[in-house]
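Work through the following exercises with the sequence and the model at hand, and compare each step with the solution.

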Amino acid sequence: MRHSYWILLFLGFLLFTPAKAKQKPNVIIVITDDQGYGDIAAHGNQIIKTPHLDKLHSESIRLTNFHSGTTCAPSRSGLMTGVHGHRAGVWHTIAGCNILREKYTAMPQVFKNNGYATAMFGKWHLGDAYPYLPENRGFEETVCHGAGGIGQTPDFWDNDYFDDTYMHNGNPQKYKGYCTDVYFAEALKYIEEKKDKPFFVYISTNAPHGPLNVPEKYYRMYENENKINAQQKAYYGMITNIDDNVGMLEKKLVELGLTDNTILVFTTDNGTQYGYRNIKGQEFGYNAGMKGLKGSAYDGGHRVPFFIRWNQGGIKGGKDVESLVMNYDVLPTFVGLCNLRKKGVQDFDGRNIEAVLKDETISLPQRYAVVDKNKTQQPVKWKMCSVMDEEWRLINGKELYNINKDVGQIKDIAAQYPEKVKAMRDAYEKWWDYVSEDFSYFEAYKIGGGQSNEVVITVHDLHTASPVAWSQELIRNPLNGKKPALSEGYWMVDVQEEGEYEIALRRWPKESVYSFNEEVPQLGMDKPWYFSRPKGLKLNINQASLHIGNVSEVSQVDMKKEEVKFKVHLNKGRSKLEANFKTEDDNSFSAFYVYINKI
């Protein structure tokens, strides 16, 4: 009897004790930079080597009518917020119009608020100072380069894809190895560390964005290919390197037993940059029959790969979904798939496509969507735009194409379908009215708030309609190129506390330890895929000026020094900051680097 009592008690305990809650799925996004739809073997490219992506393609649900933005930052803003990129404040890649509006809750914040560990590795491109950095937007662990690519102006000086210094949780740290390898290696370490709790990991490679630096063994894989040009050999090599890293990621998930309950996404940020060329009628590379490259309103500029696999959630098996899906649908879909609380999150412009991924419906309801390229201070109506539905494209408000019958957008049939043109123009008008409400409001870097005492802003984020020195190549020689990258403009700053501040103006970043009179040579002259680059240029600067709020000061420049310092009293609030240099021949232009500290 005594034994029977204990057995019954034990069975009762098992019966009435709640089962351990099922763990939410892990989420991993791999997003590459400037890789197009045709830059994957599984999409018909007969030259490129992408066996691991091809395998993922065969195991995933593929969105074959998935659209990003036409360029880097606008695409990422839509992905991160679930709202139109323009509405999120990002319609440019530079010039202060690439900063994700603070009022929007970003994807990592949504996951973090739901108990997820969050990390990103690689490219952010939605703000390079407080409070817009990735660690300010919900990522607990970050390893990232500056701006939109390695070697751009806000990036750590002299980074060139190999053995670079990246920002680790906001602090510079030297890493050994090729950039893509570093990002994936750090991601794999993080995944192993967090394997026992749900995690959200964002692996955002800057490859295959230019400059086309790649480990030699990957360049040699394509060295003798005669159907691609010199640039494409390096570009394809960068993609094959990414593919190898995807293979290592998959191996780690298997090793840790995480494959089945991990939502794995592979996508890219816009159409191909280098993957296709038509030179005097001779084709190099492959673009899946589409018209247009990165930046184009035609499908080649924004229709990109999207593979998603979640075995445990029934999203698997190698099936194509042809419904029109936008990158701002991704966050709403994650909210649905992962059963995330949405408290305090903005209303989404995107929609949850869970039903079509799980084969609960064949197609999604009809809607119109818009993408454009508006790399200007104020977006221009009808500029380089595409209005889309499942099968139609209206380009620039004028040209009409049926994608199901004309994937290359060759035959303009607008004259045959005036009612369709009108319907799509009306849809654009509604979209424009909706997204343009805040176009005149620019985000401001916050200074003196205590969370980040020193704020570094660069000419990359200068509000101006003129060319800026957005890359370190142009910092070295701003007169290289079609137009001089010596422009005047302003930055928006928001002074958090009234008080004394020190503002230092520099030609070179602090870590370079260069004085004003240095003539710094260009990098990369020894790489076979680099083309001729100019020598550095000395600028004979003799005067510096500072204007912010009611402060206006001028100082002479000692060319033997590294910076010009101003000590000023600033009042609290938003202001335009102007910080200019003047040369001996009376040319005036904004400082390349500005360092602000509260004293």
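Rings of Phe, Tyr and Trp (its six-membered ring) pair if their centres lie within 6.5 Å, and planes under 30 degrees apart count as stacked, over 60 as edge-to-face and the rest as tilted. The model is predicted, so that local features need pLDDT of at least 70 and side-chain atom pairs pLDDT 80 or more, while totals for chains, interfaces and linings use all residues. Residues are numbered from 1 along each chain as its sequence is written, and side-chain values use heavy atoms, with hydrogens and water left out.

**Exercise 1.** Find which residues ring pairs link into a cluster.

*Solution.* A search of the whole structure finds 31 aromatic pairs. Ring pairs join Phe-111, Tyr-116, Trp-124, Phe-139, Phe-200, Tyr-202 and Phe-334 into a cluster.

**Exercise 2.** Classify the pair of Tyr-222 and Tyr-236, and then that of Phe-589 and Phe-592.

*Solution.* Step one: the ring centres of Tyr-222 and Tyr-236 are 5.6 Å apart and the planes stand at 90°, so this pair is edge-to-face. Step two: Tyr-222 is buried at 0% relative accessibility, where buried means under 20% relative accessible area, and Tyr-236 is likewise buried, at 0%. Step three: for Phe-589 and Phe-592 the centres are 5.7 Å apart with planes at 35°, and the pair is therefore tilted; both residues are buried.

Key
Buried means under 20% relative accessible area, exposed over 50%, partly exposed in between (1.4 Å probe, protein chains only).
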